[in-house]
Amino acid sequence: VALASFLSSAAGSSFSAESLLLTAGISQALDFVCARFTQPGDTVFVEEPSYPYSFPIFRDHGLRIVGVPLDGRGMDLEQCERLLARHRPKLLYTIPSYHNPTGQTLDLPRREQLVELSREHGFVIAADEVYQLLHHGTPPPASFGSLIDRGNVLSLGSFSKILAPGLGSAGSRPMRS
Amino acid sequence: MRRMLAQGALVSGGNFNHFTSHVVRQLMESDELAAFVTQLRASYADRAQAMDVALRKHLGGIAHWRKPAGGYFFWLELSEGADAGALEAAARAAGTGFLPGTACSSSSGTPALSAPVLCALFRARNPRGHRAPRARLRPMKPSRSSLDNPRLRLAAIAMNRNDVPQAEQLLKAHLYEAPTDVPAIRMLAEVAMRVGRDEDAKHLLERALELAPGFMPARYQLAVLLHRLNDASRALAEIKRLLAAEPRNPGYRNLAAVILSRVGEYERSSAMYADLLKEYPTNAKVWLSYGHVLKTQGRQDESIAAYRHSIARDPAFGEAYWSLANLKTFRFTDTDLAAMRACVEDPAIDEANRVHLHFALGKAHEDAGRISGLL
């Protein structure tokens, strides 16, 4: 309940405690997401480039990693659609705000379009939103946490970036459907 | 959600992280976490700014990047021919480092890193050795001891994000309990100055100095306030007392130079700036002020040189370009024009710099008779 209220006041939209699950950080959350939503041999889409320590987690689960290029405004969704014609990913991992390592941010129309694609193509979006609160003046677009009702969205958060490194109490925001 | 909750490990353990959840919960319930995040944002914004200035200075010719609007990371794309290996060795020798961009590639064989393959990543976190330009730092910070009080710490955070009502409320509540806490009185005076209640601020500072004549931050603030109220002679008297206590303090010397130029003592003022710049040659803002005094003294060439120093220290410093444009006989070179254009096209540049740069560019075009180029 305390986390729901912290997230609600930080994000300006309401979060219910029932939609949250506490983990020990993003890495563990990703590991569990892979365990629950994928089988060995499945495909995961990631941004190209992306957070390098996510790759071994996907490989541990026998996933095939496919990179989707960025175009300066986050993931290039035209390229993503082109790749969706050739692959059937079960999971898409994205760092939508102040992306690691490029610093790019996905704008709101693209966030909505990506959620739409997740419904159309039946994959789960795992949005790594650890930098969402760390803007340098102007807040980023609404987090994927506020889009969970629109598609297959999991929003992963962490305290490791806003409290102390290694303190990874992540609030993951699983789908309601 | 059901699918996540049905995990065997969760069914068995009930929670993945009992202990940490309780610690974090207490922090969230006390509101300290929200205040801390606000502080972090300001701190990362400062570091990113310092990093951007340092990168422009050292890598301006061989790499391209965009200053990030949040988070930790700068992503640099090296120009063709730049040697990433040599850069990495040089960075390591200088006690810093970066992660080659290729380490972040998933190498799946799909279209990847189609742009220059040589990419480099710098973490903006803890860029040791890169300090924010002094001019951008706030001149006064409450002393460490007063920040031990949680209410004062929250007040300082509120002032940092310019939430004046919140800061005022916290400070007044604190002073109700501790009416002679001099650092808190000084902070309340600063709050009053922010909203233009200068007379209130003056009384508060005089009260603080009555209680503690040796509390220099209050005296410095009083000098700033008197200068603002055009009471130059009293401001100078306060500055004199400050300098008697700490003759080499750069903040006091800078304020003295500002006030001296205001009262027409240009020679003493420019000598003071020259002396300051010998010790602090990287401060773009002081170079700018020095340029202004030299200009007033009719030392035009030296004034141009000072403005150019200022630009060399902060290549996006619009006010320095603007000051050059204001010199009657000065003409910008093609290199200047290219540099200014590159700055205004940078989406990350702040509004004040952009306005000054547009003015300077307009003046340059006007001088060259290229009015149509503006439209």
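Hi everyone, let me begin with a term: a residue is buried if its relative accessible area is under 20%, exposed if over 50%, and partly exposed in between, using a 1.4 Å probe and protein chains only. By that cut-off, 62% of the 177 residues in chain A are buried.

A word on where this comes from. This is a predicted model, so local features need pLDDT of at least 70 and side-chain atom pairs count only at pLDDT 80 or more, while totals for chains, interfaces and linings use all residues. Residues are numbered from 1 along each chain as its sequence is written, chains are lettered from A and ligands numbered from 1 in the order in which they are written, and side-chain values use heavy atoms, leaving out hydrogens and water.

Let's stay with chain A. It has five helices and seven strands, where helices (H or I, at least four residues) and strands (E, at least two) are DSSP runs numbered from the N terminus. Reading from that end, the order of elements is α-β-α-β-α-β-α-β-α-β-β-β. Contact means heavy atoms within 4.5 Å. Of the contacts in chain A between residues at least 6 apart in sequence, 66% join residues at least 24 apart.

Now some backbone details. Most residues other than glycine have a negative phi, and most peptide bonds are trans. With that in mind, have a look at the loop between strand 4 and helix 5 of chain A, where A:Y98 is found. A:Y98 is not a glycine, yet its phi is positive, about 50°. Is A:Y98 buried or exposed? A:Y98 is buried, with a relative accessible area of 2%. That loop, between strand 4 (91-94) and helix 5 (108-121), also holds A:P101, and the peptide bond joining A:N100 and A:P101 is cis, with omega about 15°. Another cis bond runs from A:E48 to A:P49, with omega near 5°; A:P49 sits in the loop between strand 2 (43-48) and helix 3 (54-60) of chain A.

Over to chain B. Here B:N230, in the loop between helix 11 (216-228) and helix 12 (232-245), has a positive phi near 60°. B:N230 is exposed, at 58% relative accessible area.

Next, helix packing. Axes are lines fitted to C-alpha atoms, for helices over the stretch in contact, and angles run from 0 to 180 degrees between N-to-C directions. Angles under 35 degrees count as roughly parallel, over 145 as roughly antiparallel, 65 to 115 as roughly perpendicular, and the rest as oblique. In chain B, helix 13 (residues 250-262) and helix 14 (residues 266-279) pack at about 155°, with axes 8 Å apart. Helix 13 of chain B is therefore roughly antiparallel to helix 14 of chain B.

Compare helix 4 (residues 32-59) and helix 7 (residues 150-160) of chain B: their axes come within 10 Å and cross at roughly 40°. So helix 4 and helix 7 of chain B are oblique to each other. Which residues of helix 4 of chain B meet helix 7? They are B:E32, B:A35, B:T38 and B:Q39, facing B:P150, B:R153, B:L154 and B:I157 in helix 7 of chain B.

Last stop: helix 17 (residues 318-325) of chain B is mostly covered, with six of its eight residues buried. Those buried residues are B:G318, B:A320, B:Y321, B:S323, B:L324 and B:A325. Their cover includes helix 15 (284-296), helix 16 (300-313), helix 18 (334-345) and helix 19 (351-367) of chain B.
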